[in-house]
Amino acid sequence: MFRWFVLVILVGAVGTSGYFRRRARIEGGTIARREEGALLVALRAGVTLPFLPAIVAYVAPPPTMSWSAVDLPLWARWAGVAVGLATIPSVAWVLGALGRNVSETVLTKADHALVTAGPYRWVRHPLYTTGLALLGAITLMAANWFFGLFAIVAGVLIRYVVIPPEEHALVAKFGDDYRRYMTQSSRLLPGLF
């Protein structure tokens with residue numbers, strides 16, 4: 001049963017994201033991923049490519065990811081369902097607040113605006129927070145250590161490889177306004193400076 005929750009929640013979150021990203025492309029254009037540099041493009045592919053087949057392997061009958069299953073209490077798996085379901089409106093809230101500024105890169109668009117409203121009032125990178133929550137939810141729903149390891153690796157890469165160049169680009173674009181915003185908001189979790 002939990003594999004269907006994983007599938008529905010993942011499709012819901014990715015579908016919601018796709019809707020807002022497509023709208024932002026139409027309204028505000030795109031930035032080619034190659035402009036980020038080879039390292040970020042390779043890391044994104046290196047993280048995404050093993051995860052998607054693993055999800056398919058978990059959902060497909062019979063589950064071929066049983067080699068990495070862990071015994072979790074039922075309440076923990078249901079907690080994963082609750083967190084996973086919460087990520088779908090969270091994606092809509094975050095990307096809705098960004099509007100035409102949504103980008104698939106760490107770079108800023110030519111007409112990029114500094115967004116400090118909605119979830120950005122408290123957290124500078126709520127989309128990463130939502131993505132990590134989704135990965136944690138999948139880990140709990142699937143009761144699978146491989147997904148948990150993936151979530152940890154993704155979290156470390158986001159924190160130490162993705163966020164620094166993104167914040168560097170935002171400081172370059174917005175200067176003191178972004179520096180001031182950094183002092184008034186947390187990086188990934190509200191209240192943790």
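This is a predicted model: local features need pLDDT of at least 70, side-chain atom pairs count only at pLDDT 80 or more; totals for chains, interfaces and linings use all residues.
Directly after the helix, A143 adopts a positive phi of about 50 degrees.

The buried residues of α4 are P126, Y128, T130, L134, L135, A137, I138, T139, M141 and A142. Their cover includes helices α1 (2–28), α2 (38–59), α3 (74–98) and α5 (145–174).

## Nonpolar surface patch

A nonpolar patch on the surface is formed by W67, V70, W145, L149 and V153, which together have about 480 Å² of accessible area. V70 counts as partly exposed because its relative accessible area is 35%.

## Aromatic pairs

The whole structure contains 12 aromatic pairs. In one of them, the ring centres of F5 and W78 are 5.4 Å apart and the planes meet at 75 degrees, so the arrangement is edge-to-face. Because F5 belongs to helix α1 and W78 to helix α3, this pair ties together parts 73 residues apart in sequence. F5 is partly exposed at 24% relative accessible area, and W78 is also partly exposed, at 37%.

The rings of Y58 and F147 likewise form an edge-to-face pair, with centres 6.0 Å apart and planes at 85 degrees. This pair links Y58 in helix α2 to F147 in helix α5, 89 residues away. Y58 is buried at 8% relative accessibility, and F147 is buried at 1%. Both residues belong to a cluster that ring pairs build from F51, Y58, W67, W145, F146, F147 and F150.

Notes:
Residues are numbered from 1 along each chain as its sequence is written. Side-chain values use heavy atoms; hydrogens and water are left out. Buried means under 20% relative accessible area, exposed over 50%, partly exposed in between (1.4 Å probe, protein chains only). Helices (H or I, at least four residues) and strands (E, at least two) are DSSP runs, numbered from the N terminus. Contact means heavy atoms within 4.5 Å. Patches are made of residues with over 30% relative accessible area and no salt bridge: like charges are joined within 9 Å, nonpolar side chains (Val, Leu, Ile, Met, Phe, Trp, Tyr) within 5 Å. Accessible areas come from the Shrake-Rupley method with a 1.4 Å probe; for residues, only the protein chains shown count as cover. A salt bridge is a side-chain nitrogen of Lys or Arg within 4 Å of a carboxyl oxygen of Asp or Glu. Rings of Phe, Tyr and Trp (its six-membered ring) pair if their centres lie within 6.5 Å; planes under 30 degrees apart count as stacked, over 60 as edge-to-face and the rest as tilted.
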